[in-house]
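User: I would like to learn how to read a model like this one. Please take me through it feature by feature.

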Amino acid sequence: MENIIFLTCLLIGIHIICPMFIGLFFSKEINLDYLFSSRDIKIKPPLYYERAKRSFLNLYETFPIFIILVLFSMIKNVDNFDLSLIWLILRYLYIPVYIFGIKYLRTVVWGLSFITLILMAIKFL
């Protein structure tokens, strides 16, 4: 399960840097000077930048549940490795699907990741 924790940290890191790189490559207003500033100046960020940020905010909906289930799995010695990996793969897939606005696939990916959490929880019964 330590690998799952590492991959989870990597997922968070990707979510953090994704808007930054999108802003640098797709906006004239977002540059290194802006990124190092306190961002007091209002700018109009590109659509993909906003979607990348919303994708990260969406992770807040299920991430705490996932972390709790992973930690309980480790404490209770419940094998949730495969389901945890499936959840992570779905959440990695969710990033580009959300950024590129593939709305129906986005809903399917989110739904499958949520079902995966339910299956992880069922293993404790």
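This is a predicted model: local features need pLDDT of at least 70, side-chain atom pairs count only at pLDDT 80 or more; totals for chains, interfaces and linings use all residues.

User: Where does R39 lie?

Analyst: R39 sits in the loop between α2 (32–35) and α3 (47–76).

User: What is the phi of R39?

Analyst: General idea first. Most residues other than glycine have a negative phi. Now the case: R39 is not a glycine, yet its phi is positive, about 60°.

User: Which loop holds N77, and what is the phi of N77?

Analyst: N77 lies in the loop between α3 and α4. N77 is not a glycine either, and its phi is positive at about 60°.

User: Is N77 buried or exposed?

Analyst: The cut-off for exposed is over 50% relative accessible area. N77 has 72%, so N77 is exposed.

User: Let us step back to the whole chain. How many helices and strands does the chain have?

Analyst: The chain has 5 helices and 0 strands. Along the sequence the pattern reads α-α-α-α-α.

User: What box do the C-alpha atoms fill, and what share of the residues is buried?

Analyst: Along the principal axes, the C-alpha atoms fill a box of roughly 50 × 30 × 20 Å. The chain has 125 residues, and 36% of them are buried. The chain exposes about 8,000 Å², with carbon and sulfur atoms supplying 71% of that area.

User: What share of the contacts joins residues at least 24 apart?

Analyst: Take the contacts between residues at least 6 apart in sequence. Of these, 76% join residues at least 24 apart.

User: Now helix packing. At what angle do α1 and α4 pack?

Analyst: The idea is to compare the directions of two helix axes, each running N to C. Helix α1 (residues 2–26) and helix α4 (residues 81–99) pack at about 5°, and their axes are 10 Å apart. Angles under 35 degrees count as roughly parallel. Therefore α1 is roughly parallel to α4.

User: Which residues of α1 and α4 meet?

Analyst: On the α1 side they include I4, L7, L11, I14 and I22. On the α4 side they include F81, L85, W87, L88 and I95. The residues of this contact between α1 and α4 divide into 14 nonpolar, 3 polar and 1 charged.

User: At what angle do α1 and α3 pack?

Analyst: The angle is about 170°, and the axes of α1 and α3 are 10 Å apart. Angles over 145 degrees count as roughly antiparallel. So α1 is roughly antiparallel to α3. The residues of the contact of α1 with α3 divide into 19 nonpolar, 4 polar and 2 charged.

User: Which residues does I5 touch?

Analyst: I5 lies in helix α1. Leaving out residues up to four places away in sequence, I5 touches V70 and M74. I5 and I67 are 62 residues apart in sequence, but their C-alpha atoms are 8.5 Å apart in space. At 33% relative accessibility, I5 counts as partly exposed.

User: What about L10: how far apart are the C-alpha atoms of L10 and L59?

Analyst: L10 is in helix α1. The C-alpha atoms of L10 and L59 are separated by 13 Å, and the two residues are 49 apart along the chain. L10 is partly exposed, with a relative accessible area of 40%.

User: Next, the aromatic rings. How many aromatic pairs does the whole structure hold?

Analyst: A pair of aromatic rings is described by the distance of the centres and the angle of the planes. A search of the whole structure finds 8 aromatic pairs. One of them is F56 with Y60, edge-to-face, at 5.4 Å centre to centre and 65° between the planes. Both residues lie in helix α3, 4 residues apart, about one turn of the helix. F56 is buried, with 18% relative accessible area.

User: How far apart are the ring centres of F72 and F124?

Analyst: The centres are 6.4 Å apart and the planes are at 75°, so the pair of F72 and F124 is edge-to-face. F72 lies in helix α3 and F124 in the segment after α5 (103–122), so the pair ties together parts 52 residues apart in sequence. F72 is partly exposed at 43% relative accessible area. F124 counts as partly exposed at 30%.

User: Which residues form an aromatic cluster?

Analyst: F26, Y48 and F100 form one aromatic cluster.

Definitions and conventions:
Residues are numbered from 1 along each chain as its sequence is written. Side-chain values use heavy atoms; hydrogens and water are left out. Axes are lines fitted to C-alpha atoms, for helices over the stretch in contact, and angles run from 0 to 180 degrees between N-to-C directions. Helices (H or I, at least four residues) and strands (E, at least two) are DSSP runs, numbered from the N terminus. Angles under 35 degrees count as roughly parallel, over 145 as roughly antiparallel, 65 to 115 as roughly perpendicular and the rest as oblique. Contact means heavy atoms within 4.5 Å. Ala, Val, Leu, Ile, Met, Phe, Trp, Tyr, Cys and Pro count as nonpolar, Asp, Glu, Lys and Arg as charged, and the others, Gly among them, as polar. Buried means under 20% relative accessible area, exposed over 50%, partly exposed in between (1.4 Å probe, protein chains only). Accessible areas come from the Shrake-Rupley method with a 1.4 Å probe; for residues, only the protein chains shown count as cover. Rings of Phe, Tyr and Trp (its six-membered ring) pair if their centres lie within 6.5 Å; planes under 30 degrees apart count as stacked, over 60 as edge-to-face and the rest as tilted.
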